Amino acid sequence: MSRKYYITTPIYYVNDKPHIGHAYTTVAADVLARWHRHRGDEVFFLTGTDEHGAKVAESAVEAGQEPQEFVNEVAKLFRIAWKNLNIKYDNFIRTTSPEHHRAVGVFINKLKASNSIYEDKYEGLYCVGCEKFITEKELVEGKCPVHNKKPKKIKEKNYFFKLTDYIEQVKELIVSGKMKILPEERKKEVLGLFEQGMEDFSVSREKVKWGIPLPFDKKQNIYVWVEALQNYISGIGYGEPSEKFSKWWPADCHIMAKDILKFHAIYWPALLLAVGEPLPKEQFIHGFFTIDGKKMSKSLGNVINPNDLVNQYGSDATRYLLLSQFPFGQDGDVKKSLFDEKYNSDLANGLGNLVSRTANLMEKNDVGIDTAQQPISNDKVDIINKQIEHYRFDEALKGIYGIISQANKYLDEQAPWKHTPDDKEKTTIVLQNVSDWIKTIAELIYPFMPITSRRISQQFAGPSVKKEDGLFPRLSDK
RNA sequence: CGCGGGGUGGAGCAAUUGGAAGCUCGCAAGGCUCAUAACCUUGAGGUUGCCGGUUCGAGUCCGGCCCCCGCAACCA
């Protein structure tokens, strides 16, 4: 049965070039999207970029560009990175696009109409040099660290959202599991946040210039976070006359990293409740990387560019390496040396070599494919599919590797290379068994490694099989 | 006592409701030779952060302590 499946990544803030963290989230979402498509579901996969806010405006100034010009360039970098990683999204939503502006306008007006917005004063420390509010924590000896000046305590008019009106309802939906927060630890974390208490938050800014104007008070811009969350609906046609929005909403899954948990698990549902839209069904929060045991940061210079990985390993292998390292949902450490190791052991020695030796044996012994054979379905395949469905990508990949091992072992036991011409029938059975497994493996790896999957499927489509170039050339040891 | 996560053989991770500490890589020895110096078998290596408790039995429950990471109201 075909079902609709709407999955999203967060929209990435264009203040930063794409890095391995963005790639991780996006690849995971792409795997789920491909998995659902592959089993016949109707899928919409949304990603995009978050392009407003003071930081972006500052960066544009530094780059000597107009904000729009600046964000156009960075957004393009994301598109290129996703193309390199073979990400197949259905829409790339940008918050500076007309459709986003329109959707946000409609949404904010609805919020206003629902009496969830009120006017109040926002008080904070404001640095004139930075042209923005800064927090107590950022201060160094009571001064702005950038401009070495004391910030002024000022008040500005802001519009606030009555979060507190919806907090109990959101909490209940999370506790009852009507809106799933996964993994379980994150759910606990969110429930912990409720215990700490929540206050209404401001949805507009007077000082921040680069943004979407508030429809009912053009002197204010909508606070970037409030506006950014709406990408999930603007990306599927919210506020447009078409049927598109009602077809896809609510989202089946929001994927994100743990830093933005609160916005997604609490603020976003509350905003949706206020305007009477249904809530996302599921939100999955994954962990952070450290690189060689250290926090990834620009100042340490250890940020990994996904394009570099693709250049070195290819898109399929990069996707595999990202998701096979550690359980999705936990923090993990990324080691450059481990990438090489895993590439060689799993992909070159494992999958690549199995395909290579099998194809070679089939060609030499003139054994073809039994095209009547249906794809194998057994417990192992079922388990692996379940694991993908439950975001256990590392386990699923391990399971696939298990089938590869099994095939290798079987080949060694049967040793068809020792067969004489009289054993032709036996040889045929053995090699066709292995080729059936290989075809099954090709099916299973499709969401993770679509290109390799296709290559294998084509090579083993029959009637005859020929040896081809290796799928994953071994990296020379250094 | 702010909240949450984590500390398991050299590395990365697993262990349904407490019940013989597993997996992958790496390492060592042996086998095989169809294959990308690959594949197969066997082996070495852990008193599961520390201390105490409950139990016939705890990595798994309880108490205390140490260390690491993220969040802590606008920072995306």
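A cavity here is a set of grid points where a 1.4 Å probe fits but cannot get out, and its lining residues have an atom within 4 Å of a point. I note at the start that this is a predicted model.

**Entry 1: the largest cavity**

I looked up which residues line the largest cavity. They are Tyr 320, Asp 346, Leu 347, Leu 351, Leu 397, Ile 400, Tyr 401, Ile 404, Ile 445 and Met 449. I put its volume down as about 70 Å³. Two elements give two or more residues to this lining, namely helix 13 and helix 15 (393-414). Helix 15 has the largest share, with four residues. Sorted by class, I have nine nonpolar residues, no polar ones and one charged.

**Entry 2: the second largest cavity**

How many cavities of 30 Å³ or more are there? I get a count of two. I listed its lining as Gly 352, Val 355, Ser 356, Ala 359, Gln 459, Glu 468, Asp 469, Gly 470 and Leu 471. Here the largest share, four residues, comes from helix 13. The classes come out as three nonpolar, four polar and two charged residues.

**Entry 3: helix 13 and its packing against helix 11**

Helix 13 gives residues to the lining in both entries above, and I went on to its packing. Helix 13 covers residues 336-364, and helix 11 covers residues 306-313. I have their axes 12 Å apart, at an angle of about 35°. Is the crossing of helix 11 past helix 13 left-handed or right-handed? I wrote it down as right-handed. On the helix 11 side, Leu 309, Gln 312 and Tyr 313 make the contact. On the helix 13 side, I found Lys 336, Phe 339, Asp 340 and Tyr 343. Taken by class, this contact has four nonpolar residues, one polar and two charged.

**Entry 4: the second largest pocket**

I then turned to a pocket. The second largest pocket holds about 530 Å³ of space. It is lined by 23 residues, and I noted those closest to its centre: Leu 182, Glu 282, Glu 389, His 390 and Tyr 391. Which elements each supply at least two residues of this lining? I have strand 1 (4-13), helix 1 (20-38), strand 7 (180-182) and strand 13 (282-286). By class, I recorded nine nonpolar, four polar and ten charged residues for the pocket lining. For the largest cavity, I had recorded one charged residue.

Conventions. Residues are numbered from 1 along each chain as its sequence is written. Chains are lettered from A and ligands numbered from 1 in the order in which they are written. This is a predicted model: local features need pLDDT of at least 70, side-chain atom pairs count only at pLDDT 80 or more; totals for chains, interfaces and linings use all residues. Side-chain values use heavy atoms; hydrogens and water are left out. Axes are lines fitted to C-alpha atoms, for helices over the stretch in contact, and angles run from 0 to 180 degrees between N-to-C directions. A crossing is left-handed if the near helix is turned anticlockwise from the far one by less than a right angle, and right-handed if clockwise. Contact means heavy atoms within 4.5 Å. Ala, Val, Leu, Ile, Met, Phe, Trp, Tyr, Cys and Pro count as nonpolar, Asp, Glu, Lys and Arg as charged, and the others, Gly among them, as polar. On a 1 Å grid over the protein atoms alone, a cavity is a set of points where a 1.4 Å probe fits but cannot get out, and a pocket is an open set with protein on both sides within 12 Å along at least five of seven lines; lining residues have an atom within 4 Å of a point. Grid points are joined across faces, edges and corners, and a volume is the space filled by probe spheres set on the points.
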